[in-house]
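Subject: Structure for you to look at

Dear colleague,

Here is the structure I said I would pass on. My notes on it follow below.

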Amino acid sequence: MPGLTSEVAAVAAALSLGAGCWWYAAMWPESQIFGPALIAGNNPDQIALTFDDGPNDTATPMLLDVLARHGVTATFFVIGRFARQQPGLVRQLLAAGHLVGNHTMNHPWLVTQPAAAIRRELADCNAALEDVLGAPVRFFRPPFGARRPVVFRAARDLGLTPVLWNVSGNDWIPDGVEAILENLGSGLDRNRRRNRGSNILLHDGGHLRMSMPRLDTVSAVDRLLANRRGEGIEFVTLDAWSI
Ligand SMILES: [Zn+2]
């Protein structure tokens, strides 16, 4: 039955096109379809280093040393559960001039969570951070970059600006320091060609557990900062930009 087969194929194609559009809107870091998110400004000489999934009792102190040695401040999207375990590290981030943002309480996949659970994840993380920082949290990055309109609404209701990224070190793949640097280099070059600033996604922690080894990330950051010295690059925190 060729007619039926082609009809089935057409329906399958339509469904997969729909799924493709949904995936793009929900998962592509630079998509703005489900709501506006902060990515970067238009100055190609500005770079924001951002680190997710900490605080991490092994990697975060090493990273703080590297950043201090290079005189660079960064943005840390912190998991509320880990902030409750390591409040001293969160305090150190603030004391060193870094910006601290909300990365939910437990790092769930927000695309599949009911609205009330999304609001709770964001509010609980805000409470955990504000208890330590004594100041309101202003930025939020959804775990895995996964979002849908209700995620943006919950963030807005809590006064949080949603943030995504436009360069990824892909440092969750255990490929080593060179691979992370290559990923960063190609993303930075692409943004420069487009006359955009760069918002770099890296990880000082791992959402599955505390004490995730992130030595490759720390080394890659050290080398990136050493390589870019003298290139007229300004390393900024995300509050340098707005949507
Ligand atoms: Zn994360």
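What spacing do the donors of the zinc ion follow along the chain? The spacing is D-x49-H-x3-H. Please keep in mind throughout that this is a predicted model.

The zinc site

Three protein donors lie 2.1 Å from the zinc ion: Asp53 through OD, and His103 and His107, each through NE2. Both histidines are shielded from the surface. His103 is buried because its relative accessibility is 1%, under the 20% limit. His107 has 7% and therefore also counts as buried.

Cysteines

The number of disulfides in the model is zero. Cys125 counts as buried, with a relative accessibility of 0%. Cys21, at 47%, is partly exposed.

The nonpolar cores

The largest nonpolar core holds 44 residues. Leu49, Phe51, Leu67, Leu129, Ile200 and Val221 have the most contacts inside it. Helix 5, residues 115-133, is the element that gives the most to this core, with six residues. In soluble globular proteins, nonpolar side chains tend to be buried together.

Helix 2

Helix 2 covers residues 59-70, twelve in number. From its first C-alpha to its last it reaches 17 Å, close to the 16 Å expected at 1.5 Å a residue. Its buried residues are Ala59, Thr60, Leu63, Leu64, Val66, Leu67 and His70. These cover an arc of only 165 degrees around the axis, so they sit on the same side of helix 2. The face turned away from that buried side carries Asp65, Ala68 and Arg69, which are exposed. The buried residues pack against strand 1 (46-54), strand 2 (75-78), helix 4 (87-95) and helix 8 (215-227). Just after helix 2 comes Gly71, with a positive phi of about 65 degrees.

Helix 8

Helix 8 has 13 residues, which should span 18 Å at 1.5 Å a residue; this agrees with the 18 Å between its end C-alpha atoms. Which residues of helix 8 are buried? They are Thr217, Val218, Ala220, Val221, Leu224 and Leu225. Because these buried residues fall within an arc of 160 degrees when seen down the axis, they line one face of helix 8. Leu215 and Asn227, on the other side, are exposed. The packing partners of the buried residues of helix 8 are strand 1, helix 2, helix 7 (177-193), strand 7 (198-203) and strand 8.

Is Gly232 buried or exposed? Gly232 has a relative accessibility of 55%, so it counts as exposed. Gly232 and Gln46 are 186 residues apart in sequence, while their C-alpha atoms are 9.0 Å apart in space.

Regards

Notes. Residues numbered from 1 in each chain as written. Predicted model: local features only at pLDDT ≥ 70, side-chain atom pairs only at ≥ 80, totals over all residues. Heavy atoms only, no water. Disulfide = S-S within 2.5 Å. Buried < 20%, exposed > 50% of the residue type's maximum accessible area, 1.4 Å probe, protein only. Donors = N, O, S within 2.8 Å, 3.2 Å for Na, K, Ca; no water. Core = buried A, V, L, I, M, F, W, Y, C linked by side-chain atoms within 4.5 Å. Helix = DSSP H or I, 4+ residues; strand = E, 2+ residues; numbered from the N terminus. Expected span 1.5 Å × (residues − 1). Arc of directions from axis to C-beta. Contact = heavy atoms within 4.5 Å.
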